[in-house]
Amino acid sequence: MPQLINLSENEMLALWKRQMHIDVVRRECSVERDDGVDLDDLLLTRLRQWYAHLLASAPLQWLPVEDLRTEVLLSVSADGVVTAMKPERCVRPVEWRLAGWAHSVTDFCQPGSPRALAQQRLWTRSGCADPVIVCYDNRLVMYSLPEGAQPVLMMARCVAVPENNRYIFHHDALSTLPRWDEAIGPTC
């Protein structure tokens with residue numbers, strides 16, 4: 001497992017300023033203005049957007065992946081279909097497994113895909129030997145439980161938003177930081 005950087009928001013802001021070559025040069029005087037742009041606020045907005053995009057789309061090796069199974073609420077239908085409400089911190093699922101399944105699921109179906117549509121009929125639905133998970137915005141629908149079994153989530157690994165406003169990522173993700181001239185756009 002690669003070593004990940006773990007920074008507070010203030011540390012991340014300082015890193016952004018250094019990467020964008022806009023960090024303040026220290027001099028032995030101070031100047032205050034109250035009519036300019038709040039640069040830190042502007043950068044924090046862009047920084048949060050960058051990090052949200054990173055969590056949603058970057059390679060898994062660059063990101064914090066956590067097992068959030070204790071934060072997942074499960075419900076089961078009479079025909080063994082399990083619905084899991086995604087925890088708030090879950091950006092995207094990585095690997096999930098129910099007790100009784102032959103293996104975990106790492107390839108999550110989109111609702112309109114042929115494999116997801118096959119789950120709507122009892123005769124074409126997957127079972128515990130070849131489980132399928134259909135990923136909706138706020139929930140995952142898991143097919144299916146062994147007959148008569150209760151849903152027990154063994155694993156719910158997800159790319160997760162770190163707690164306490166931390167920024168956790170691999171050093172290689174710094175290559176995706178915008179340059180300052182690209183971040184502000186045209187000025188005329």
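Strands E5 and E8 (residues 153-160) run antiparallel and are joined by 7 bridges. This is a predicted model, in which local features need pLDDT of at least 70 and side-chain atom pairs count only at pLDDT 80 or more, while totals for chains, interfaces and linings use all residues. Residues are numbered from 1 along each chain as its sequence is written, and side-chain values use heavy atoms, with hydrogens and water left out.

Reader: Happy to start with E8: which residue in E8 is the bridge partner of arginine 97?
Author: Strands here are DSSP runs of E, at least two residues long, numbered from the N terminus, and two strands pair if DSSP finds at least two bridges between them. In E8, the bridge partner of arginine 97 is methionine 155.

Reader: Nice. In the sheet E3-E4-E7-E6, why is one side of E3 and of E6 left without a neighbour?
Author: This open sheet has 4 strands with antiparallel pairing, in the order E3-E4-E7-E6. One side of E3 (73-76) and of E6 (132-135) lacks a neighbour in the sheet because each stands at an edge with a single partner strand.

Reader: Is tyrosine 143 buried or exposed?
Author: Tyrosine 143 is found in strand E7 (residues 139-143). The cut-offs are under 20% relative accessible area for buried and over 50% for exposed, with partly exposed in between (1.4 Å probe, protein chains only). At 9% relative accessibility, tyrosine 143 counts as buried.

Reader: Good to know! How far from cysteine 90 is the nearest cysteine sulfur?
Author: A disulfide is a pair of cysteine sulfur atoms within 2.5 Å, and the structure holds 0 of them. Cysteine 90, which counts as buried at 10% relative accessibility, is in no disulfide. The nearest cysteine sulfur, that of cysteine 158, is away by 3.4 Å.

Reader: Lastly, how many charged residues are in the lining of the second largest pocket?
Author: A pocket is an open set of points on a 1 Å grid over the protein atoms alone, where a 1.4 Å probe fits, with protein on both sides within 12 Å along at least five of seven lines; lining residues have an atom within 4 Å of a point. The second largest pocket is lined by 17 residues, and Asp79 and Gly80 are among those nearest its centre. Asp, Glu, Lys and Arg count as charged; Ala, Val, Leu, Ile, Met, Phe, Trp, Tyr, Cys and Pro as nonpolar; and the others, Gly among them, as polar. By class, the lining has 7 nonpolar and 7 polar residues, and the number of charged residues is 3.
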